[in-house]
Every structure is written in structure tokens, then in C-alpha cells.
Amino acid sequence: MGFLYRSTRNADETATASEAILKGLASDGGLFVPDEIPALDVSLKELSKMTYREVAFEVMKLMLTDFTDEELRYCINNAYDSKFDNELIVPVKYHHNAYIAELFHGKTIAFKDMALSILPYLMTTAARKNNIKNEIVILTATSGDTGKAALAGFADVPGTKIAVFYPKNGVSPIQEKQMVTEKGKNTFVAGITGNFDDAQTGVKQIFNNTELAKELDEKGFQFSSANSINIGRLVPQIVYYVYSYTRLIAAGTINEGDKINVVVPTGNFGNILAAYYASLMGIPVDRFICASNDNKVLYDFFTTGTYDRNREFILTSSPSMDILISSNLERLIYRLAGNSAEDNAEFMKQLSETGKYTITDEMKKNLFHFYGNFATSEEVAETIRKVYDEDGYVLDTHTAVAVNVFDKYRAETGDTTPTIIASTASPYKFTRSVMTAIDPAYDAKGDFELVDELEKISATPVPKAIEEIRTAEVIHNTVCDKEDMVKVVKNFLGI
Ligand SMILES: *Cc1c(COP(=O)(O)O)cnc(C)c1O
């Protein structure tokens with residue numbers, strides 16, 4: 001039965017892949033990391049002839065070592081089907097001198113769908129494999145997109161309930177409407193009076209609350225996480241890097257083995273970490289270009305070696321990246337520290353006590369392949385307008401952060417390596433910011449008028465996800481303080 005997963009903070013805490021998916025977070029607050037990252041066992045050339053589902057199987061069977069082939073195929077086939085509005089699942093398009101991997105063709109039109117369409121299947125399969133009788137309660141903090149994608153994935157899935165917390169004033173109007181109109185009978189949504197980091201910290205505290213876990217267990221419930229700390233999110237995200245790279249081979253743009261760069265608009269560091277794992281599995285990536293918005297902790301970290309969250313939290317036009325504590329960075333730190341749980345635990349202790357830590361020079365040297373930069377909301381607007389003027393292609397605000405940083409990287413380095421840009425959301429999700437970037441006069445219009453205007457100028461039909469919420473009624477209207485999160489969760493579960 002293959003390798004195990006291990007906590008980044010305690011080398012003695014291990015789990016099988018299915019146990020790690022069920023638990024989400026290790027009991028010491030650490031993240032589960034694989035003991036090995038296996039190399040792909042089919043050639044990139046062969047992969048280039050496969051469909052998305054087939055590529056997903058080849059990647060996931062290596063990482064989720066205790067799932068049978070039948071179990072994996074069941075999960076994959078149910079996840080990547082006609083819920084996606086493009087039969088390629090991830091179309092890769094050439095615009096602005098780069099290959100844009102559109103990761104937003106799923107049910108909620110953000111890249112979170114790539115993992116959250118499959119997570120419920122992985123989770124319920126894992127529960128069956130481990131003879132779990134409890135109902136699984138998914139607890140999720142969201143900066144805007146995970147929330148709806150997780151709700152859509154888990155809605156009415158037998159044996160599960162899901163609670164989502166979002167920053168009340170920190171998401172786009174469309175994002176909020178998508179969440180609060182969720183109809184699933186097993187769902188609960190609350191806005192909190194705080195920012196994403198408050199929501200994420202609150203959820204992590206609930207996970208680490210052993211007394212509460214005990215009480216839940218007695219009542220027949222157990223918590224799990226749909227956040228990107230769950231390896232059940234990370235592993236499916238590796239797939240689209242393998243897929244996108246091999247599409248470039250299929251198109252004759254690159255030869256098997258040629259190096260590429262990737263640019264990833266980053267918040268919690270999950271998406272870019274998946275790209276890094278894909279490279280460890282055999283995708284030749286030269287530079288990982290980490291694009292931040294004004295909350296540029298990662299840019300500062302890559303340039304100085306110090307991670308410092310002591311700073312003002314800035315609300316930007318790319319709200320899904322408004323994050324100061326990038327949870328998944330811990331997995332990279334652990335690796336840079338030579339897979340030392342002890343060293344990593346010390347850095348994380350400093351982070352929680354003082355809000356910062358500095359890695360050693362030795363560790364910093366191994367960051368060579370990472371490049372960080374950032375784009376302000378003004379630069380994002382300029383980039384949206386510029387790319388639209390070039391060929392009519394409309395970027396969302398998050399992808400525009402990536403494109404802006406890509407331009408900066410090229411100007412600085414002259415590097416012309418073929419580049420894949422992860423496009424993480426449909427512009428329809430951030431219509432106000434996108435349309436006013438193209439022409440400030442649009443600001444006078446209502447949210448759904450802007451949707452119709454976007455359809456006119458982009459020649460892409462309004463996605464179903466948006467049509468559905470036009471007239472949908474608000475079902476969830478809870479707003480709470482972060483101190484009250486435990487109380488509202490218990491209330492939701494009726495305990
Ligand atoms: C979540 C999200 C991101 C950030 O991804 P991470 O994995 O948290 O780094 C970027 N763009 C959009 C649209 C998102 O929803």
C-alpha cells in the first residue's frame with residue numbers, strides 16, 4: 001500500500017491518503033504532506049494523447065495510494081463531467097504572449113471547482129474505506145470562491161453537512177449572492193464581522209478544539225475541511241498542470257521535456273504548490289512565478305526570506321487573494337527545511353506568537369525557482385483594459401494580477417520561456433471591477449446589467465452559474481462575530 005502522509009509539525013503523526021482527506025488537518029495543527037512525491041509512470045508524450053479524466057487518473061493513482069483504481073475512476077468520472085461547460089475541462093488559450101489555462105469552467109466559475117467537484121466523492125469514499133459511521137461536517141473558511149464551490153460540491157451529499165464562513169464585507173456582490181442563495185438542505189452559510197484570516201483562524205481553532213471534537217463524536221458527527229490545506233484539494237490541482245503542459249506538446253508548441261514557466265495568482269499558496277508538486281512529478285517547470293495583490297506578504301517573503309504578517313489587511317479588487325496567512329506555504333517551508341517537522345514547527349510557532357519568521361540562508365538558496373511580484377488594484381485595471389484592447393479577451397481581476405506580474409517578470413529578466421498562466425476565475429464573477437476597468441462609465445449600472453454588458457463585449461455567453469442567481473432568493477442571512485463561530489456551528493448541527 002504505498003507511502004503515507006505525515007504532519008508537517010510532528011514526524012510521528014502519519015495517515016493514509018484516505019485518512020488524511022478525512023481529517024483535513026493533522027491533530028497538532030500541522031498539514032499532511034506525502035512522504036514521497038512519485039514520478040509520473042507514463043511519458044509526457046503519452047499523457048498528451050489522453051483526456052482530462054485519463055490524465056487525472058494517472059496523477060491521482062500515484063498520490064492517493066490507498067484508493068483502488070475502481071474507487072478513483074468512480075470519483076474522477078463523477079467529478080469531471082457535463083458540470084463543466086467546456087468538454088476539454090481545462091481549455092488552454094493563447095493570449096498576450098502566454099498560454100492561459102482556463103480553470104473556471106466548472107459549476108461555480110472559479111478554479112476552486114477543479115478540486116471541489118471531486119472532493120465530496122473522495123471524502124465519502126474515504127469514509128466508507130475507513131468504516132466511518134459519523135456524519136462528516138465540512139467546515140470552511142472562504143475568501144469568496146471556495147465557499148460556493150464547496151457548497152455546490154457537498155450540497156445534498158448523503159452523510160455530509162457543510163458550514164461556510166466568509167468575511168461579510170470582503171467578497172464581491174456576485175460571490176456573496178452565490179453563497180447566500182445556496183439551496184442544499186445540508187448547508188449553512190454565515191458572514192463574519194472580520195476578514196478572511198479571522199475566518200480561517202477561527203476554523204482552524206475549531207479543528208484543534210479536542211473537547212468539541214469529543215462532544216461531536218458523541219452526537220455522531222466529525223469535522224473535516226474543504227480548504228486547500230486538505231490534500232484532497234491539493235492532489236486534484238496537480239492534474240491541470242500536467243494536463244496543460246501536455247496540451248502544449250499536443251499542439252506542437254513545445255517538445256516533450258522543454259521547460260516552461262508558470263504564473264499563478266496566489267492567496268493561500270495552494271494552487272502554486274500544486275504546480276510545484278507537478279514539477280516534482282516530472283513536469284519541467286523552470287520558474288514558479290507567484291503573483292500577489294496589495295497583500296504582498298509572499299512577494300516580501302521571496303525577496304527577503306522573512307515572512308511577516310504584521311501589516312494592514314488591504315481589501316482589493318481580487319478578494320480571493322486578500323490573505324495574509326498563506327497556509328499552504330507551510331508545506332514548502334517543511335520541504336525547504338529538509339522535511340524537518342521539528343524545524344518547521346519552530347517557524348510556525350514563531351508565526352503564531354510574533355506574526356513572523358525568517359528562514360535560513362541555506363533554505364533561501366533553494367527558493368531559486370520561485371519568483372514573487374505583485375500588482376496593485378490600479379495596475380490590475382490597466383491590465384484588464386490593455387488585454388481587452390489587444391484582442392477582445394476579458395480577464396478577471398485575479399488572472400489580471402497574474403498577467404501584470406508576468407509582464408513585470410519578462411521586462412525584468414528578458415526570459416522568453418513558454419509560459420502557462422493559471423486563469424482562476426471567470427470575469428463574470430467580478431463584473432463590476434472588470435467592466436469599470438474597461439470603461440469607468442459602467443459603474444452607474446446595476447450588478448446584473450453589467451453581466452449583460454459583459455456578454456455583449458466579450459462574446460462569451462453568460463454562464464449558468466450567473467443565470468441561476470439572478471432571481472434566486474436569499475436563504476442564508478446569518479452574520480456573526482468570530483468569537484461566536486463555535487456557537488453557530490453547534491446551533492446548525494442542533495447540539
Ligand atoms: C482561491 C483563489 C485564488 C488563490 O488561490 P490559492 O490556492 O489560495 O493561492 C486566486 N484566484 C481565485 C479566483 C481564487 O478563487
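Me: Which element gives the largest share of the lining of the largest cavity?
Reply: That is α12, with three residues. A cavity here is a set of points on a 1 Å grid over the protein atoms alone where a 1.4 Å probe fits but cannot get out, and lining residues have an atom within 4 Å of a point. This is a predicted model, where local features need pLDDT of at least 70 and side-chain atom pairs count only at pLDDT 80 or more, while totals for chains, interfaces and linings use all residues. Residues are numbered from 1 along each chain as its sequence is written, and side-chain values use heavy atoms, with hydrogens and water left out.

Me: How much space lies in the largest cavity?
Reply: About 270 Å³, taken as the space filled by probe spheres set on the points.

Me: Which residues lie nearest its centre?
Reply: Of the 26 residues lining the largest cavity, those are Phe 111, Lys 112, Gly 267, Asn 268 and Ser 320.

Me: And the lining of that cavity by class? What are the numbers?
Reply: Nine nonpolar, 14 polar and three charged. Ala, Val, Leu, Ile, Met, Phe, Trp, Tyr, Cys and Pro count as nonpolar, Asp, Glu, Lys and Arg as charged, and the others, Gly among them, as polar.

Me: Switching to the largest pocket. What is its volume?
Reply: About 860 Å³. A pocket is an open set with protein on both sides within 12 Å along at least five of seven lines. The largest pocket has 37 lining residues, and Gly 106, Ile 109, Pro 463, Lys 464 and Ala 465 lie nearest its centre.

Me: Which element gives the most to that lining?
Reply: α21 (464-470), with four residues.

Me: Now Ser 426. Buried or exposed?
Reply: Ser 426 counts as buried because its relative accessibility is 3%, and buried means under 20% relative accessible area (1.4 Å probe, protein chains only). Ser 426 sits in the loop between β15 (419-423) and α19 (431-438).

Me: What does the side chain reach?
Reply: The side chain of Ser 426 reaches the backbone nitrogen of Tyr 428 at 3.0 Å.

Me: Beyond its neighbours within four places in sequence, what is Ser 426 in contact with?
Reply: Phe 104, Ile 109, Asp 396 and Pro 463, where contact means heavy atoms within 4.5 Å.

Me: Last one, where is Phe 221?
Reply: Phe 221 is in strand β9 (residues 221-225), and it is buried at 9% relative accessible area. Its contacts, leaving aside neighbours within four places in sequence, include Asn 134, Leu 216 and Ile 495.

How values were computed:
Helices (H or I, at least four residues) and strands (E, at least two) are DSSP runs, numbered from the N terminus. Buried means under 20% relative accessible area, exposed over 50%, partly exposed in between (1.4 Å probe, protein chains only). A polar contact is a pair of N or O atoms within 3.5 Å; within protein, one must be able to donate a hydrogen and the other to accept it, and residues adjacent in sequence count only if both atoms are side-chain atoms.
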